[in-house]
Amino acid sequence: ERAKVQSALLHNEREPKIALEKEKELNELKTRFVSMASHEFRTPLSTILSSASLINRYTDAEQQERREKHISKIKNSVAHLTNLLNDFLSISKIEEGKLRLHQEPIEINSFCKDIIEEISLNVKDGQQVHCTLLPEPAVLRFDKTMIRTILYNLLSNASKYSAESTVIELKVGVEDEHLELTVLDEGIGIPESEQKHLFDRFFRATNAGSIQGTGLGLHIVKRYVDLIGGNITFTSRQFKGSAFNVKLPLQHGEG
Ligand code: ADP
């Protein structure tokens with residue numbers, strides 16, 4: 001009986017503490033994000049402003065090419081801002097423990113093709129995205145937003161951390177009750193001594209230099225993969241490239 005009371009006391013004392021710590025951590029995260037965002041938002045916003053001003057000046061009919069260049073700059077900047085906001089929303093939801101899986105049937109091949117198409121619009125000059133899909137279309141149950149985020153992050157990193165005119169590859173496979181997604185690039189790679197931090201929140205490798213980023217993407221990817229009950233691994237060599245491999249268990253039935 002005494003043990004019970006003691007444990008009840010302990011429990012009651014501990015829970016508010018845990019809640020408080022969580023609250024504190026969440027606040028720190030938000031503060032950190034706000035300072036990062038105010039920095040990260042500045043570049044795309046000033047690009048949008050200057051491109052819009054320039055478009056305004058290109059009034060001659062033959063200046064269509066210049067207009068298009070700036071329109072595409074605006075689009076890229078808006079996409080970048082949207083990504084930043086999405087990352088933050090995902091992180092907050094993860095940290096608040098509010099995320100639930102919404103499984104729905106997805107035809108994997110067309111789903112991947114759509115993402116590749118979207119990514120291809122934003123890759124660097126001359127970069128090619130190669131894709132090996134499943135030999136036949138297959139409908140599998142997954143959380144669409146989560147797989148989308150996982151694939152999108154891996155593919156956009158592959159492009160971002162690689163030079164122009166390189167090849168990015170996506171391989172899709174189903175094996176042993178797993179959906180397997182592999183993303184390969186010929187990019188700058190991750191220095192070996194830093195690899196252990198790769199999935200940490202806000203982590204950015206030293207060789208990322210001035211390439212834009214927040215260090216949130218891979219952390220979110222890892223958290224999603226964990227939620228789905230899957231597994232993510234990578235191999236990387238500096239100056240050579242990286243390969244990310246995600247295995248997600250196939251879901252059966254409803255839910
Ligand atoms: P971000 O790209 O916004 O910085 P991520 O969380 O997606 O954040 O990635 C964390 C870090 O891991 C990056 O800053 C970069 O240093 C490194 N990284 C991720 N993907 C790659 C890749 N394909 N090639 C080289 N470095 C990478």
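Buried, on this tour, means under 20% relative accessible area. Keep that cut-off in mind. The model you have open is predicted.

**Stop 1**

Select Phe-33 and Phe-88. Both residues are buried. Their rings form a stacked aromatic pair. Now colour the helices. Phe-33 belongs to helix α1 (residues 2-40) and Phe-88 to helix α3 (residues 64-95), so this pair ties together parts that are 55 residues apart in sequence.

**Stop 2: a phenylalanine cluster**

Next, pick Phe-199 and Phe-234. This aromatic pair is edge-to-face. Check the geometry: 5.8 Å centre to centre, with 75 degrees between the planes. Phe-199 sits in the loop between β5 and α6, while Phe-234 is in strand β6 (residues 231-237); the pair therefore ties together parts 35 residues apart in sequence. Is Phe-199 buried or exposed? Its relative accessible area is 16%, so Phe-199 is buried. Phe-199, Phe-234 and Phe-244 make up one aromatic cluster. The structure's count of aromatic pairs comes to three.

**Stop 3**

Show residues 178-185 as a cartoon. This is strand β5. Six of its eight residues are buried, so β5 is largely enclosed by the rest of the structure.

Which strands does β5 pair with? Start with β4, residues 167-175. The pairing of β4 and β5 is antiparallel, over seven bridges. Glu-175 stands opposite His-178 of β5. Look at the turn of this hairpin, where two residues lie between the strands. Click on Asp-176 there: its phi is positive, near 45 degrees.

Then show β7, residues 241-249. Strands β5 and β7 run antiparallel and are joined by eight bridges. To find a facing pair, select Glu-180 and Lys-247; the lysine is in β7.

**Stop 4: the ligand**

Select the ligand and display the residues around it. How many residues are around the ligand? There are 19. Those that come nearest are Asn-157, Tyr-161, Arg-204, Thr-214 and Leu-218. Sorted by class, the shell has nine nonpolar, seven polar and three charged residues. Helix α5 (144-160), α6 (217-228) and β7 each contribute at least two residues to the shell.

Turn on distances for these contacts:

- Arg-204: a polar side-chain atom is 2.6 Å from an oxygen atom of the ligand.
- Asn-157: an N or O atom of the side chain is 2.8 Å from a ligand oxygen.
- Gly-215: here a polar backbone atom lies 3.2 Å from an oxygen atom of the ligand.

Finish with the surface view. On its own, the ligand exposes 530 Å², and the protein buries 97% of that area.

**Stop 5: a residue on the outside**

Last, go to Leu-121. This leucine is in the loop between α4 (108-120) and β2 (128-132). Its relative accessibility is 72%, so Leu-121 counts as exposed. Leu-121 and Ser-72 are 49 residues apart along the chain. How far apart are their C-alpha atoms? The separation is 9.8 Å.

How values were computed. Residues are numbered from 1 along each chain as its sequence is written. This is a predicted model: local features need pLDDT of at least 70, side-chain atom pairs count only at pLDDT 80 or more; totals for chains, interfaces and linings use all residues. Side-chain values use heavy atoms; hydrogens and water are left out. Buried means under 20% relative accessible area, exposed over 50%, partly exposed in between (1.4 Å probe, protein chains only). Helices (H or I, at least four residues) and strands (E, at least two) are DSSP runs, numbered from the N terminus. Two strands pair if DSSP finds at least two bridges between them. A residue is near a molecule or strand if one of its heavy atoms lies within 4 Å of it. A polar contact is a pair of N or O atoms within 3.5 Å; within protein, one must be able to donate a hydrogen and the other to accept it, and residues adjacent in sequence count only if both atoms are side-chain atoms. Accessible areas come from the Shrake-Rupley method with a 1.4 Å probe; for residues, only the protein chains shown count as cover. Ala, Val, Leu, Ile, Met, Phe, Trp, Tyr, Cys and Pro count as nonpolar, Asp, Glu, Lys and Arg as charged, and the others, Gly among them, as polar. Rings of Phe, Tyr and Trp (its six-membered ring) pair if their centres lie within 6.5 Å; planes under 30 degrees apart count as stacked, over 60 as edge-to-face and the rest as tilted.
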